[in-house]
Each structure stands twice: as C-alpha cells, then as structure tokens.
Amino acid sequence: MPEISHGKLWTWLDQRVGLADFAKLAKKKRVPVHRHALWYYFGGMTLFLFAVQVVTGILLLFYYRPSAEEAYESVQFLMAEVEFGWLIRSIHAWSANLMIFVLFVHLFSVWLLKAYRPPREITWFSGMALLGIALAFGFTGYLLPWNELAYFATKVGTEITGAVPLVGSFLLRLLRGGDEVTGATLTRFYGIHVAVLPALVTVLMSLHLFLVQKHGMSVPPSIERRGNDPRTMPFVPNFLLRDVVGWLSALAVLAALAAFLPTELGKKADPFAPAPAGIKPEWYFMFMFQTLKYLPSHILGLEGEVVGVVGFGLGGVFLVLIPFLDRRAARGEPSPLFTLIGIGVIAYVLLLTYLGYTASPTK
Amino acid sequence: MGERALEPETTRRGFVNWLLGTSAAAFLISVAYPVGRYLVPPKTGESTAASVTLPMKPDDVKPNTGQIFKFGNRPAILVRTPAGDLRAFSAVCTHLNCTVQYRTDLSHIWCACHNGHFDLNGQNIAGPPPRPLDAMVVNARGNQIVVSKTA
C-alpha cells in the first residue's frame, strides 16, 4: 500500500504523539455485519447523550446555586430570565431521560444477544456499574431544583435505603446528611452529582470503552454457530458515519422534546406540606415504586418494604452475575433459559411501568 | 548460584516489602478513617419540644378537615372529625416517611406516596403502612389549641 503523504503539522505531531499508531488502529478496526448489527449502535448513542449531559450540565452550573434557600429560585431565574436557560435545562432533563432509555435498550440487547460471554465478562460488569452510576445521576439530579415532587421522591427514595438490613439507618443518614431530607441533603446530592459521579464515570467508561476496543464487537452466538465468519465493515468511516446518523437522530428527538415539552419546575419544596397526590418518581424507577405499592404491609412477618428492597437487591446481584451464571452461553451453546428470563424482566418492567402511570393513585 | 546464597537476600527483600506494605496500609487507613468520619453527618439534637401551641383557634377548624402543623422539626396533622372531635397525629407516614393529608371525601387520613390509609384513630387500615400513626394529645383551652406528645 502506498504511504499517504501528510502535511508538516501531522508529521510534527506524529513524531511527538505517535499519530500513525492511532491511524493504524483506526484503519484496522472492523465491525461485523449481520441481521442483529442494529443493536451495536445503542452503546454509542448512550455515549453521545452522555456528552450532551456533560456540556449542558456545565452550562447549568453557571447559574445554579446549591442550597435549600436558593436552589429553586436560581432555577426559576434560569428558566425565566436567562436567555435560552429554559432550553439548556430542558435539554439536560430530556437527554438524561433519553440516555437512560437508550442505556436500557443497550443493556437488554447485550443480554439477549449474549454479548457477556467470555472474554467479555468485565465489559458487562463495568457496564452494570455504569448503569448504577446513571441511575444515581438521575436520582441526585432530580432533587436539585428543590421542588415539591423531587422533595418527596427523595424522601421516599432515601427512606428505602433505610430498609436495607443491618446498615440501613447508617446509609440513610449518610445519604441525607442528617435524619431528614433538608438543605444538607441537597448540598450532598449536588456534590455527588457534579463531582463524585463524573469522576467514577470517567474511570469506568474508559475501562468499558477500552475493553470494547480490545475485544471488538461481539458476534451473537446464533450467527457464530453458522460457522462462516460474518461480513465486516471498516469502523472508519463506514460504521462511524452510521453512528453519526444515530447521534443526529437522537439529537433531533432531543431538540423536539426540549422545544415542545420543556421541563417544568413545579412548586417549591415545603417540608411542612402534605405529599401531593399523584407523586411519582422518574419513570425509570416507576416499576420499583409500583411494586412497593402492591406489596402488603407484612410478608411472612417482615415489613413489605424490606422484602421489596431485599428482592430488588438480589435481582441486581443476579443481573451483575449473569456472565458467570449462564454456563451454556459461555460454552457457545444456546441458552434459552437466560433469553426467557431476559424477556420476562423486560415484560415485568414494562407492565409495572404501565400500571404506574394508569392505575388510579387515590383508590 | 546456590539456593542458600540467595536466602538472606530474599528475606531482606521480603522484610522490606512487608514494611512497605504495612506502611502503605497504615497510610490508607489514616486517610480513609478521617474521610469516613467526615462523611457521616454530626448528630443534631432531636427537637425536645414536648408541646406546641397552634397558631389557630379551635373554632376555626371545621369538622371533617385536617391540616398540617409543625411539631418541633417534624410535620404533624390536626384533624377535626366529622363528629367534632379534635385529634392530632404525627403526619409522618409509617411506610416511607411521606407527609400524610386529610381526605375530606373519605373522612380519613391518607398518604399520597403509596396510597396508605389511616382511620381517625391513626390506625393503618389499607395500603402498605406497617404501623399506626403516632397519636398526640390535643387540648383546646379557650382560644388556644395545645398539642403535646403522649407520655
């Protein structure tokens, strides 16, 4: 192959940074093409929406004030007075929701295509950690405007940690920065939202992306079993350009949502007002919230919420350990049981989320 | 080179590694302990108020209504039953800590968060709450309502 001639700047940089190594790497990377290849785009789309979060989040920091006395007013000012303040905040809120949605699509497609098989277990674990961090971002960010809905959602959400056996009450105080949800909780959540979680994400996302580069895209076992290697396409530019189409589609949806359904602020939190009727958590916590509603107050002598919390905890552990539990997939054999469990979980989440929005909240 | 000749070397190295390892561990503990303690919020004194006088007159509280008032640093609810009795309870739902409210249409106390119902004695009658609401003592003295904790 003839050497491509490069400009002086390229040569200067290459001698100091080693650009040629990167160029070689980019040229070598190929992506399999098959009928399930559509699902490859959702990880990249999550990354894109996360980048939107970083940019809009930094912009919001310029006006936001993290205290119980000022938080609500500063967001009100941002929405009403600052030019395009409403847009930046709406994009941040909508992009968060879209990111979690795309993240769930990514998770379940990886699950059903068994992409967690060896040697990709650590990619799965780091993805699970990133899911946890994304949910923590959502939970802490929800409180920051200090409005009524967020106040009570946080009260309930943190109270649930109190139901964790043994360390519950300690965790509760640690999370709230005291016994109740107060300005101390807001300050704590703010610190977690803008410093702790971004630091964790940086480390885990680097690991996740490094492993994806190292192992390449996983080919689903059903395609693998056909024997002949699937066709591939170069990552640069073929796959990357398709990725960009996905990002632009996400951006279009985001812009439409932010412009036509701007995020509302609601009423300022008042610790001495009753919880408003129709109080809801963010939709991605809805299936758990709705499950807690259906649990009776006592199950086999234990408080219902303790059973619920321990149940979801065990579910989470199961989810993380799937690569070790699914021995058949690890051997390259079909594992219909884990496909079935995956579909069951999707159905459960969809059904409970649906009930959460349609079942009468007052009966 | 014989095994024996290496032995004093490896022992010395082992000792230095052990020293290095323990001092690294000691360093980590000396950092982690203060940071851990720092993150745990200090205990603030529970409100010691044994009773509060409400900023309203008994006659202003209509039958079949309820309202939230501050009892120390926690919300409590004052209810005038349809029969005319004044009662007060802690307004903190025993399920997950939300603040309850009085439902005029049901004539009892209700929590919006997870649809918990309490009767006019504070007993949990439906939904997930595991315990009754803590009852308080209401005294209407002339123009004042005084609510106090049960002893």
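**A helix pair, and what surrounds it**

Start with α5(A) and α6(A): their crossing is left-handed. Keep in mind that this is a predicted model.

Which residues make the contact? From α5(A), they are A:A96, A:M99, A:I100, A:L103 and A:L107. From α6(A), they are A:L131, A:A134, A:G138 and A:G141. By class, that contact has seven nonpolar residues, two polar and no charged.

Now the geometry. Two packed helices are described by the angle between their axes and the distance between the axes. Here α5 of chain A covers residues 85–112, and α6 of chain A covers residues 121–143. They pack at about 155°, with their axes 11 Å apart. Angles over 145 degrees count as roughly antiparallel, so α5(A) is roughly antiparallel to α6(A).

Step back to the whole chain. Chain A has 15 helices and four strands. The C-alpha trace spans about 75 × 55 × 35 Å along its principal axes. Of the 363 residues, 31% count as buried. Take contacts between residues at least 6 apart in sequence: 77% of them join residues at least 24 apart.

Last, the partner. In chain A, 28 residues are in contact with 23 residues of chain B. Which element of chain A gives the most to that side? α7(A) does, with five residues. The side of chain A touching chain B holds 16 nonpolar, five polar and seven charged residues.

Conventions. Residues are numbered from 1 along each chain as its sequence is written. Chains are lettered from A and ligands numbered from 1 in the order in which they are written. This is a predicted model: local features need pLDDT of at least 70, side-chain atom pairs count only at pLDDT 80 or more; totals for chains, interfaces and linings use all residues. Helices (H or I, at least four residues) and strands (E, at least two) are DSSP runs, numbered from the N terminus. A residue is buried if 20 or more other C-beta atoms lie within 10 Å of its own, exposed if 12 or fewer, and partly exposed in between; C-beta atoms are placed from the backbone. Two residues are in contact if their C-beta atoms, placed from the backbone, lie within 7 Å. Ala, Val, Leu, Ile, Met, Phe, Trp, Tyr, Cys and Pro count as nonpolar, Asp, Glu, Lys and Arg as charged, and the others, Gly among them, as polar. Axes are lines fitted to C-alpha atoms, for helices over the stretch in contact, and angles run from 0 to 180 degrees between N-to-C directions. Angles under 35 degrees count as roughly parallel, over 145 as roughly antiparallel, 65 to 115 as roughly perpendicular and the rest as oblique. A crossing is left-handed if the near helix is turned anticlockwise from the far one by less than a right angle, and right-handed if clockwise.
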